[in-house]
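Please keep the structure open while reading.

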Amino acid sequence: MSALLLDLMDSAAGRADYADARLVHSDVERISTRNGAIDELDHTEEEGLGVRVRVGGAWGFAATRGTDRAAADEALARALAVALAQPRTRATPLAPVAPARGDWRSPARIDPFDVPLEDKLATLVSADAGMRGDPRVKVARAHYLAHRVEKTFASTEGALCTQRSTECGGGIVALAVSDGDAQVRSHPGSFRGDIAQAGHEHFTALHLPSAAAWVADEAVALLSAPPCPAERTTLILDGEQLALQLHESVGHAVELDRILGTEASYAGTSFVSATDLDRLRYGSPLMNVTADATAPGGLGTFGWDDEGVAGQRTPIVRDGELQGFLSSRESAAEAGLERSGGCMRAEGFARQPLVRMTNVNLEPGDAGSLEDLIAATDRGVLMATNRSWSIDSRRLHFQFATEAAWEIVDGERRRLLKNPSYAGTTPAFWAGLDAVCSSPEWQLWGVVNCGKGEPGQVAHVSHGTAPARFRGVEIGVA
Amino acid sequence: MAPAALDLAERALAAMVSGDGAQATVTKERSLLLRFARSRPTQATSLNDTTVELTAVRDGHVGTAATNRTDAEALRACARAADTVVRAAAAAAGTSGSYPGLPAPARARAHAAHDPETARLDPDAGGAALTTAFEAAAGHGVEAHGAWTAGEVETAVASSTGVAANDRVTDAFLKVVGIAGDGRSGYASQTACSLGALDPHVTAERATRKAACGTPDRLEPGEYPVVLEAHAVADLLTWLGTLAFNGLAHADERGALCGRLGTRVVSPAINLSDSPRYPGTLPRAFDAEGVPKAPLPLIQDGVATRVVHDTRSAALVGAQSTGHALTPAGAGDGPSPTNLVMMGGGAADEAELCRPIERGVYVTRLWYTNAVRPKETLLTGVTRDGTFLIEDGRVTRPLHDLRFTDTVLGILGRVQELGARSVLSSEGEFYGRRFATGVVCPPLRTGSMRFTA
């Protein structure tokens, strides 16, 4: 396949100012149970070629499922045709990059595609059964996901590299219904659980069957819990909800394509501007955020991004001040940065790369464990596990709801509260950050439903977080 | 001679090993999408792909395998994979599954949703549309952002029960967001089965004019009477389709209409149906199980009449599929209407809808809408690209965007008047395999909507 791409790039070199191509093969296995039955058991295999060209200032991208020379030539011709059909525009430079060369593989101790289906199903069925003791639990579900992507990348600048990544994980969810109310509880996170760039060992380590009983019990308990009060108070977020808070109000806000306006008609723009670097006070001095494409286990970890830029660590916020962006070669050059942040990623072969998050992590603090943090909090609310999220197109005003909350009184976790929600404005919310738990509480949370782009693409990213405390937050808003 | 997609589906079906039934689904997509921003082209995606999905049924269990390779060996391998997974599912469950079996063949009605000219996917037509948008924006001193797209999708279903169905559709979508130097924005879009039905000049003028109309004010949170353009109404109705009319959610007792079918749930002015061949919609002949699409009333004079089903959700309540399967054998999250149509009323246009309002809000579209408590149809989201203050019966000034937190049933329950002219509204989102959907609906005036920030 490398020879095919090299030939194709030779052919493109005289017809485009720049071209690259990706051959991608992916395998996905999705399994779900529902109330004891196998609800979903799918295996999807996909392979194809995506060719991207730049003629003048216009990009063209064409994708085809074929992987032979004729298909590749036809895709190149289509990419050139669509680039040429667009209105003429000025050519902006691309930030320089050393041609990517080599091979990269993510670690996977146990290949999930080698594990017998029976073993996976046995775990899921056991977890599912463990949630169905109380008749008020109307729906119990257990999920498994394994995802393998192999790709070869080449460019007219001499890049040729291969990569292979493996992702695996799962989760459980119980839905309880009574008297017109419906409450849900998930573990270890909502939206199919927690996925990591790892082998089957990650799924095994989730110990889903042993969590089934408390997940169901809490879903039922929420039915009779008092509602979250409406007030301004101290808020502690668990790691999973904090991961989504970070994703929505920091990760997307520092994507340089949004900042420069090229995603304005769909994903939106940002309250951050390109001139805010080293100036914008994003949050309190405890806020340290890093985009890290080298973090072991992260879904945003890779050898090279999809325009051949090596995976790297980029400081985004240091001591509360904006220090960096998520960027591509084109957006970095336009913003006057010396090099790309290596954030161009595409879903499969049939989409072109976009500026996406890698692993955008909040660095751990020194507040100890979650229980230490609760003990150090006189009054407030702890919220856990995302249930709903919404943020405006500038990534400024957000509103989240979680599955569960607990009131905190005199340093103790007290009553369970249902229908928790909170809202805020990004810099004001992060300015209220006054404690982050320590390293042992820090973990990467996989997010596998990040949508962006037209046609739409779903990216897999991770966020490293430890539970953290925020002062003066408006809760009970919905 | 069978269409190419159906021929491939039948070859794939023939590769399946014996069981209690099998279905082959072939989806062929050709599409072109051009994006633009700051009155410049930014990205262009041309796609040719074919997916073969094989579903095997055994003892009430279902297993699926899919590939985009179509040679004989690939089809055999895909068939073996489907058989392997369904056997594993049956063995792991230990008892019979609940899937009632693949539906019997039924004749689907024809539609006229394929336009050969659109199917050419002519990139020059897209380039011309972009040029038109850029010129309109320049005329108003703003920049144009947006997307133009056209696609052709052929779907074939062949099953062991004798289903042999083929459907071919085209769709076209153009949206323009005009953005002024101060960040003020305006939105307009058009969706149709054919490119010829789009008017880039009209769309661009409407969007860019909205962007160039002054400095926005802030409005305090609270409840205000509101005029919603059709795009905003469509967003609410799409959510209602998911939260209220999903037959699986209804069977689980988590649906918003549990215990409320046959009762008045919204204003008597509301009449909502799923109508796959209604003028202006994006027609489909059959659902993902090959069950023919047919018109289905959902709300009549404000009274909720029924929910929609695929074969699986129907079996749970002893009903029949209504032709709303989203995947072969039904999606894990249940069925959903894909051709919602809300009947219009008597107001000539949005201006007439504004007339009785002393002080209220005019909303062009909603954004990042998400369910907070699905059973209550409680949503939150923000207004975007054209929010205005209504004073003394007319639009007076632009407003900064607002967050709403309110129930769809409540907003529709307070509807006072509907516009006479319905339009097809779509977000033009194409995640995964292209499946164009939209809602045909009019603008409306509701007595109040709750804005929380």
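A salt bridge, as the term is used here, is a side-chain nitrogen of Lys or Arg within 4 Å of a carboxyl oxygen of Asp or Glu. The model is a predicted one, in which local features need pLDDT of at least 70 and side-chain atom pairs count only at pLDDT 80 or more, while totals for chains, interfaces and linings use all residues. Residues are numbered from 1 along each chain as its sequence is written, chains are lettered from A and ligands numbered from 1 in the order in which they are written, and side-chain values use heavy atoms, with hydrogens and water left out.

Where contact means heavy atoms within 4.5 Å, 47 residues of domain 1 of chain B touch 38 residues of domain 2 of chain B. The size of an interface is often given as the accessible area lost when the parts come together.

On the side of domain 1 of chain B that touches domain 2 of chain B, β5(B) gives the most, with 7 residues; strands here are DSSP runs (E, at least two residues) and helices are runs of H or I with at least four, numbered from the N terminus.

Chain A is also divided, with domain 1 spanning 2–223 and domain 2 spanning 231–475, and 21 Å separate the centres of the two domains of chain A, taken over C-alpha atoms. Here 54 residues of domain 1 of chain A are in contact with 46 residues of domain 2 of chain A, and the two domains bury about 4000 Å² between them, 53% of it on carbon and sulfur atoms. Across this interface of chain A there are 6 salt bridges, and A:Arg185 forms a salt bridge with A:Glu403, the closest N and O atoms being 3.0 Å apart. The largest share of the side of domain 1 of chain A that touches domain 2 of chain A, 7 residues, comes from β2(A).

Strand β2 of chain A also carries A:Arg52, with which A:Glu307 forms a salt bridge, the closest N and O atoms being 2.9 Å apart. Because A:Glu307 lies in the loop between β10 and β11 (313–318) of chain A and A:Arg52 in strand β2 of chain A, the pair ties together parts that are 255 residues apart in sequence.

What remains is the contact between the chains, which takes 79 residues from chain A and 75 residues from chain B. Chain A and chain B bury about 6500 Å² between them, 49% of it on carbon and sulfur atoms, and A:Arg65, A:Tyr266 and A:Glu454 supply 11% of the area that chain A buries against chain B, more than any other three residues. Between the chains the count is 9 salt bridges, and the side chains of A:Glu454 and B:Lys175 meet in a salt bridge at 2.6 Å, N to O. Strand β2 (residues 37–55) of chain A gives the most to the side of chain A that touches chain B, with 9 residues. β2(A) also pairs with strand β3 (residues 61–67) of chain B in the parallel sense over 4 bridges, where two strands pair if DSSP finds at least two bridges between them, and A:Glu45 stands opposite B:Thr67 in β3(B).

Methods: Buried area is the accessible area (1.4 Å probe) that two parts lose on being put together, summed over both. Domain bounds come from an automatic or database domain assignment.
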